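Visitor: I would like to learn how to read contacts and helix packing in a model. Could you walk me through some features?

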Amino acid sequence: MRILGHKPTVTAWIGMAIIVVNLAIAIFGPAFAPYSESQTVGATWDEPSMQMLLGADQIGRDMLTRLIYGARMTIGVALATTALSFFIGITLGFTAAVLGGWVDTIISRLVDVILSIPLLILALIILGVFGSSIPVLIVTIAVLDSTRVFRLSRALGMNLTVLEYVEAARLRGEGTWWIIRREILPNASAPLLSEFGLRFCFNFLFIAALSFLGLGIQPPFADWGGMVRENSAAINFGMLAPIWPALAITILTVGVNMVVDWLLSVEARPSGAQAEM
Amino acid sequence: MLKLIVNRLGQGVVTLFAVSVLIFVCTQILPGDVASAVLGQGATPEALAAFRKELGLNSPAYVRYFSWLWGVLQGDLGISMTNQRVIIDELLPRLNNTLFLAGYAALIAIPLSVGLGILAAINEGKLVDRASNILTLITISIPEFFIAYLMIIYFVVDLGWFPSLATVYPGISFSERVYITTLPAVALTMLVAAHMLRMTRSSVLSVMSSPYIEMAFLKGAKRTRVISRHALPNAAAPIITVIALNLAYLVVGVVVLEAVFVYPGIGQLMVDAVSKRDVPVIQACGLVFAMVFVVLNTLADIAIILVNPRLRHKR
């Protein structure tokens, strides 16, 4: 079977399977969860048993149920963030590329300043001023992350705007927005797709890290990063409670990265070279 | 060459200035009214007025910015809102701790990953290369706290080699400090080494595919000589860039790992301040992190200018 005109490698297939299973759990999982999200069914950090396959969490809720509910929250927030980040980044990037001039200069310099310090530091500053809630979290990380998308889409747009068919569209009198939507976007979609995977991984890990620090998604919602934090004390007794949500995070990011790695090799972009925070 | 270096230094100063404006805008102007943002909807008008007066919010923004910047330049970072302590006194020992941990990790990570990256690039497509590719891909995908907890389970709970909390105290001896911070430093190393290895590999590979390397092979030079004399001096600049880029990972990883190991660094201070919404402390920590980062990046760029073989001779 071919996808995007290429045959996926074995690791790419494994990655795709992981993504599909995770999405299925996020969408349909709660219907099949053994218990409800906040139901206490055992004692603190109960050992795994037939009733609770992965044991209980710090206040006796079923770990497996929490993981299933957490999938929806964790993946949902990361997807929403990445989608918003791409919307902002692509719009600004292509606009800067097509219009050029002072519009390009202003946006580019602003992005340079934001990119000159680590995103986590800026995210912490903004969350500290506004307080952490899910909308603030999504908008903050999306805006910060869109600087990376801006760089890529501006570069792609720059290469495309000088081509004859864009020039032809311009001469027929098409508007800026039309050119972006109908001429540039379709021709930039392949590199943007692999970038979407990369940015998703980054945002997903970023939100997990913030939740782990207690500054991301707040209780009572189940989310994987927060579950690691809540159960972290168990580690000193040699219990595996915080390992399960951390493992769930790991499996999904490894899966997405496997697919992205294949996409990058198809596009002949150097793997790892684009990894930056 | 000197002109290039001076230029780059000037650029660093401009970046620092721009970053300080950005941090000021984020903390003071973006929320509209800091007082009601911090105190919440339920605050009384008297409380708001008192708070504004305390933070000096009644003067215009640019006046506040320059008085803040003037204070910062003199080492005055303000006073914490939650415990009324002078921020700089609390911050400096913690910055010291953080730099120690990050430096320790960089000392292990840089030789390890650059060496292995060159090894993988030389053996492109062979078993070593493929194994390192999969291993680093997995390491990149793992959240930092997962690595840390696995290490705690194995080295602390099972083997009992290290303490699980990296508590350093004033007057701690150097060897004790090294011993206690080993576990967080190794966790931090794993975090950055994978990125560095992959990026070193791809930059060496791109140098190896350039025409002058082929030329060197064609004139009959030995493989080891081509790599050591022709490829590596020109791959040095991209490798230094790689190292500088990964300093970002170090800074970010430090924040999370300090939380895992309860290490009294500046990351912990900032996270605490964010959860208590202590704006002056957040501002100070953010500025210090940004400064460390910009300074390291500037130094890396200067190092690149210094090692560039093309700039050694006068035209």
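Guide: Gladly; let us start with sequence separation. Two residues are in contact if their C-beta atoms, placed from the backbone, lie within 7 Å. Among the contacts in chain A between residues at least 6 apart in sequence, 67% join residues at least 24 apart. This is a predicted model, where local features need pLDDT of at least 70, side-chain atom pairs count only at pLDDT 80 or more, and totals for chains, interfaces and linings use all residues. Residues are numbered from 1 along each chain as its sequence is written, while chains are lettered from A and ligands numbered from 1 in the order in which they are written.

Visitor: How many helices and strands does chain A have?

Guide: Helices (H or I, at least four residues) and strands (E, at least two) are DSSP runs, numbered from the N terminus. Chain A has 10 helices and 0 strands.

Visitor: And how many residues of chain B meet chain A?

Guide: Here 49 residues of chain B are in contact with 44 of chain A. H11(B) gives the most to that side of chain B, 8 residues.

Visitor: At what angle do H12(B) and H13(B) cross?

Guide: Axes are lines fitted to C-alpha atoms, for helices over the stretch in contact, with angles from 0 to 180 degrees between N-to-C directions. The H12(B) and H13(B) axes cross at roughly 145 degrees and come within 9 Å. Among the residues making this contact are B:Leu269 and B:Met270 of H12(B), and B:Ile282 and B:Cys285 of H13(B).
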